Amino acid sequence: MARPDPAAAAARLLADLDPLPYPERMRQLARVGQARRGEVREWLPALEGGAAAPGSGRRWGRARRERDSTGQFVPGRAHERGVAVLLAAVTGDTAWIAARLADPDAFVRGHALRAADAVGVPDAAFEAALADAPQAVRRALLRALAAGRRTALADRLVDGIRRDWGDAEAARLLPGCSDDVVARLLPEVLYAVRALTALAKRHHGVLLDVVTRELAAAPDALRDACWERCGAALAAGAEHDPLRALDLLERYAPTRFPSQLLPRVGVFAAVAPDRVLRLLAGEWGAALRRSGRLTRSVLRRLARHGGPGLTAYARSVADDSAALTLLLAAHPPAARPALYAAAVEGRGPGAATVDSGLWDVLPRRAAADEARRVAARARAEGAYWTTVLAAESHLPCAEVRERLVAATRRPVADDRAEAWPFLVRNAARSRDAAEVSLVVRDMAERLANEQDPVRSEALYALSTVRPALFDPGAAEQLDRIAADAVAARDCSYDTRDALSSLALAVLREHAGNPRTELVGWGLRTLTLLTGSTGRADFGRLDRALRRGQEHAVYEALRPWIEAGAEKADYGLAFALARAVGRRARGMAALQDLLWRAILCGDNPTAATAIGLWLDAAPTSAERDDRVARVLAREPSAAALDPVRTVLTHRRTDLLDPLLGTRPPYGRFLTPGSAWTLPAAPGVVRRWTARQQEAWVRQLGAAVADEKLPLAERAAALARGAAVPGAGADLVRHWSAAADVRLGEAGLAALARTDRPGDAVTALLAHAGDERARVAVYAAGRASRYAAPSLLAGPLREVLTGPGAKVTSRKEAARLAAARLPAATAAGLLREAYRAPGAHPDVRAACVASCGGLLGEAPVGELLADAARGDLPSRLAVLRMPPLDVAPAHRERYARLVCDVGAAGDAEAAVLAFGVLPRWAPWSAGAAEVLGAACADLARGRAVWQAAADGLVTAAVTAVRGDEALCGALASLAAVPGEAGLGARRRVEHVVARLVVRQGGGGAVGGPARG
């Protein structure tokens, strides 16, 4: 029996897939591919739109094949090509996958790259795909090569990538190269490596070898600059070899602890706690403590280690209460008094200072002893009564309660407001529920007649008590406190806020308690404050309750939940559903209540209930079914975010009613309002081609609706760009609109279609008109997807042709440097720089774009001209940061900076002398240039001051910089006569800068290091 026509079989497959939801569609594709492997491979050319030879999948910049969307099956359409690549991946069609590694369709390309290793795509296919690939495609291929462990191929390609595309692109490939190649190239391209984590994962030994050589070769004067360059690389290597990183840190110690290593403090503490303790007790200790990296887990590791280093660190932070408190808290309570005693040993009695935070981490007996000492000293020194009382509040309740109660009865209200918190916190520190109940009883009896400032302070202190210390028997007194406070005529926001915080804390703590008195008090208080239980917040009960205890919580709350539901108040049920999180999936009664809220609640209540009910679904399939149930009862629920997310991502079979001309009006969508289906760009490829084109028609109608605000029409146009094929047609049509807002929205959206590279020429055609402000920058994004061979011509036309705006030419210069091969870009930039009548700003943009092209001869000529050229070009030379330049070119570039400074122009010289110290490590003559300018009496004030400031810095960072400084001072000191007065002012300026630098810790000659 003859096999059916492949095109007809492919059409039947798509027809069978069309009514299925997305997950089932993918499963069906996999089943068909596995069951009919031989036949499926014959369908691929039909889906693609013809028998395509390997490599013909790329059509960079060419016109898209005409589409006829009247039928269900359109060969070559984006949807059909997407199905083809999925089938090819399932059937393991190596040739098909290999031919689409650089496909212009990101969906096809992404699946091909993900399947490449699994189906055994040969190395030659990657090499062919890299030829003339756009920047975005090239980087995706390099990532795949680096991750796919094709070491031999990466070794073979890396030098060519570096030659054509620069050090940054070659660095992307280094994680996939062999150790020998990495060892050869890394010293030269380390400055350009951005994926240090990936590189260290495979080559941390080589990475640390390079860092070691860099640090060892740097003289002491340049050590800090070297750490600035190598800190990130060392941090990446420290994740895998922390001991070696610590060795380097100790052997070649910088002036300040490298900020890049701060996230690795925990790693260091895990493998070498004694060495970390030495660092903390040394000169870097304060900076490390301020960094926030000494977390509780790190301090616990150090505490477990113990030893003399821990005591030394404790003594070093004895004056830093916060640091000492954290250190003590990291120890077991029994070990804290001894460590505290060792920390303060030999320091004398000190001032009568109450340190509540520190005392609270000490065991109660040790804290009481310290409190007695401080209270006695404060009393002897005649300290204010609150200082004595604050210390005594740390004593046992039986010892101090009478004095605390007496203070709450003082005649002045302000005194009582200060005393009540001492009484409350004294009871809380006892951790005795009976003592807390006693204080609650006192508050219930006395606060009703108090002024609000006193009441609010007492209630705030009560809200900070551990909720577990409240006894269920205290609920009656708490009710009285809350009722009296709210009923008071002077009740303030602070009082109500303290009551609310207390009620919420009690609810969280006692929600699982079989005794419900306190839970009832919390709910009654919230109702008293807000009129409902909607503000109830139980926190994360799913983290606090034992497995299954959530059912007991629900039973405890059931009377209040059901009472609220009778009044259409589902706030408590919602709060419980949020608090139990995923555990709600096993609570049938709660889920039934949420469904009841959907059916009976008002619109806001129903919308909240729908979201929680969907979150509580046990499985994704159950969530899909629940969405169908919701839509069956109320189609307008599709306007709600939780429902719409499921529809657009999974239940695509239910999308059709939402894509028509009439929106699903109802409870959640006001009749007559304008509405289009919102969808994220990435999910559109989950839909069928019919749905994609229907959505484009819906968006197109919105864009054409003149009754809508322009902002909404422009937003609809931007969303339409995400639809493959039809979206690009819609955007292209409106990009020529007469209305400025819509026309510019269309131009911007051209860069976000499924094939933005096709739009580069059209966008750059606007480089000379009023829409250049949008079109040229959109071209910048689109050019990432355009083949370099097709991009060079349009960029040359903008740069050197007539009619383009200056801003367009400047952007074209940046794009040429970033998107074209190095040799092509260098030649084009030189041509644009030397073009007759070139604008100074365009020349400056050409200079500023040369950072990655310094190895090309045309760029060397361009920069040499710029250093002697007009002011904008010279200023552009000075903007280059040294660490963004390849090490091999830094010395040559430093000479350019010196040349700019040596020129006669004062403005350029001031800026040059300001940046020259940064280049001093790579320039033997930088300090001499600065010294000569400082000693040149013909230079104006601004110039010689900039040179003097730079000279002081270069004295530390430059080789023989101190000699240049001394020479300049000697020359100035030798100036005779009246001119010597001006020279003296310069000497005084230099000396003042030296004093400031010395005071800041940067002494000339560099820091002393062992």
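How many helices and how many strands does the chain have? The chain has 56 helices and 0 strands, where helices are DSSP runs of H or I with at least four residues, strands are runs of E with at least two, and both are numbered from the N terminus. The structure is a predicted model, in which local features need pLDDT of at least 70 and side-chain atom pairs count only at pLDDT 80 or more, while totals for chains, interfaces and linings use all residues. Residues are numbered from 1 along each chain as its sequence is written, and side-chain values use heavy atoms, leaving out hydrogens and water.

Along its principal axes, the C-alpha trace spans about 100 × 95 × 55 Å. Of the 1010 residues, 52% count as buried (under 20% relative accessible area, with a 1.4 Å probe and protein chains only). Among the contacts (heavy atoms within 4.5 Å) with a separation of 6 or more, 67% join residues 24 or more positions apart.

One helix pair can be followed in detail. Two packed helices are described by the angle between their axes and the distance between the axes. Helix α39 (residues 689-704) packs with helix α41 (residues 726-734) at an angle of about 15 degrees, their axes being 9 Å apart; these axes are lines fitted to C-alpha atoms over the stretch in contact, and angles run from 0 to 180 degrees between N-to-C directions. The angle therefore makes α39 roughly parallel to α41, a label for angles under 35 degrees. On the α39 side, Glu693, Val696, Gly700, Val703 and Ala704 meet Ala726, Gly727, Leu730 and Trp734 of α41.

Note on methods:
Angles under 35 degrees count as roughly parallel, over 145 as roughly antiparallel, 65 to 115 as roughly perpendicular and the rest as oblique. Buried means under 20% relative accessible area, exposed over 50%, partly exposed in between (1.4 Å probe, protein chains only).
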